[in-house]
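Hi everyone, thanks for coming. I'd like to walk you through a structure that may be new to you, so please have a look at it with me.

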Amino acid sequence: MEWAVERVGAVERWTIEGEPRRNSLTVALLAEGAEHLRRAAADRSLRALVLTGAGTRAFCAGADLKERARMGDAEVAGFHRAVRAFLDGLEALPQPVVAALNGAALGGGLELALACDLRVAAEGVELGLPEVGLGIIPGAGGTQRLPRLLGVGRAKELILTARRVGAAEALAIGLVSAVVPATRLGEEALALAERLARLAPVSLRQAKRAIDQGLHLPLAEALDLENRLYQACLPTRDRQEALRAFAEKRPPAFTGE
């Protein structure tokens, strides 16, 4: 088993079970992960996810270089397509995904974290895209997702210098949304996911779509997209429940309908 999947109420925690190899990406990991993505995307009762790695050394070290060294050119190309498909599928999940960075997130590991919606880091972790120092470039979305998150100037500085940043700097520049003691990372990431899971599921999905899809559109088209997604929220039972809960001074009980 490449992944450990734990259900906690309306949240799932996915842990890469590859501590001896620093939770690197393998053919088997990606194949099993693709199955989890398909299942999660169809599960209306699942409202948020936490993705993390086993142990404390690494969140994910990118590709498993020992496995990669045994591949021919065609296999490497197929592996790269599988990595991209998995990260694209993770990003496209209707549920919000929280990356809990339990250790270093370098190269493909940081690209995996960038495909998540929110990132929480343990104190002392390092993050970076070192590829240009290795004769390649980030090839699993790093050159595209990082500028969209941090802005072009900051992303170029990190990618072109191959510089690693610590957790505190990652928080300061917006690469992660929180830094917590390593001993509390699991509970803090789960608490964030549970907070998301208590919100209106339809609204969460629509808000995520509005941000992700609108980012690539001209402003006028993006505003039209936002309006269409907003209108889809109006007839939902959850919106009526929110209005009743406000009037009755109680927390809403959302059902996703």
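## A walk through the model

Let's begin with a pair of residues: glutamate 6 stands opposite arginine 13 in S2. Before I go on, please keep in mind that this is a predicted model.

Where does that pair belong? Strand S1 covers residues 3-8 and strand S2 covers residues 11-16; the two run antiparallel, with six bridges joining them. Another pair across these strands is valine 5, which stands opposite tryptophan 14 in S2. Together S1 and S2 make a hairpin, with two residues between the strands. In the turn you'll find glycine 9, whose phi is positive, at about 65°.

On to a pair of helices. In general, two packed helices are described by the angle between their axes and the distance between the axes. Helix H9, residues 201-214, packs with helix H10, residues 219-233, at an angle of about 170°, and their axes are 10 Å apart. Angles over 145 degrees count as roughly antiparallel, and H9 and H10 are therefore roughly antiparallel to each other. From H9, the contact is made by Ser203, Gln206, Arg209, Ala210, Gln213 and Gly214. H10 brings Ala222, Leu225, Leu229, Ala232 and Cys233 to the contact. By class, the residues in this contact are six nonpolar, four polar and one charged.

H9 comes back in our next topic, the pockets. The largest pocket has a volume of about 980 Å³. Its lining has 33 residues, and those nearest its centre are Glu91, Leu114, Asp117, Ile211 and Asp212. Which elements give two or more residues to this lining? They are helix H3 (73-92), strand S7 (118-122), helix H5 (142-150) and H9. H9 gives the most, with eight residues. The lining of the largest pocket divides into 16 nonpolar, six polar and eleven charged residues.

The second largest pocket has a volume of about 760 Å³. Its lining also counts 33 residues, and Ala61, Gly62, Ala63, Leu65 and Gly108 lie nearest its centre. At least two lining residues each come from strand S4 (58-60), helix H2 (65-69), H3, strand S6 (104-106) and helix H4 (108-114). Here H3 gives the most, with four residues. By class, the lining of the second largest pocket has 19 nonpolar, six polar and eight charged residues.

Let's finish with the cavities. How many cavities of 30 Å³ or more does a search of the whole structure find? The search finds one. The largest cavity has a volume of about 40 Å³. Lining this cavity are Leu110, Leu127, Gly128, Leu129, Leu146, Leu158, Arg163, Val165 and Leu175. They divide into seven nonpolar, one polar and one charged.

Key: Residues numbered from 1 in each chain as written. Predicted model: local features only at pLDDT ≥ 70, side-chain atom pairs only at ≥ 80, totals over all residues. Heavy atoms only, no water. Axes fitted to C-alpha atoms, helices over the stretch in contact; angles between N-to-C directions. Parallel < 35°, antiparallel > 145°, perpendicular 65-115°, else oblique. Contact = heavy atoms within 4.5 Å. Nonpolar A, V, L, I, M, F, W, Y, C, P; charged D, E, K, R; others polar. Pairing = 2+ DSSP bridges. 1 Å grid on protein atoms, 1.4 Å probe; cavity = no way out; pocket = protein on both sides within 12 Å on 5 of 7 lines; lining within 4 Å. Points joined across faces, edges and corners; volume = space filled by probe spheres on them.
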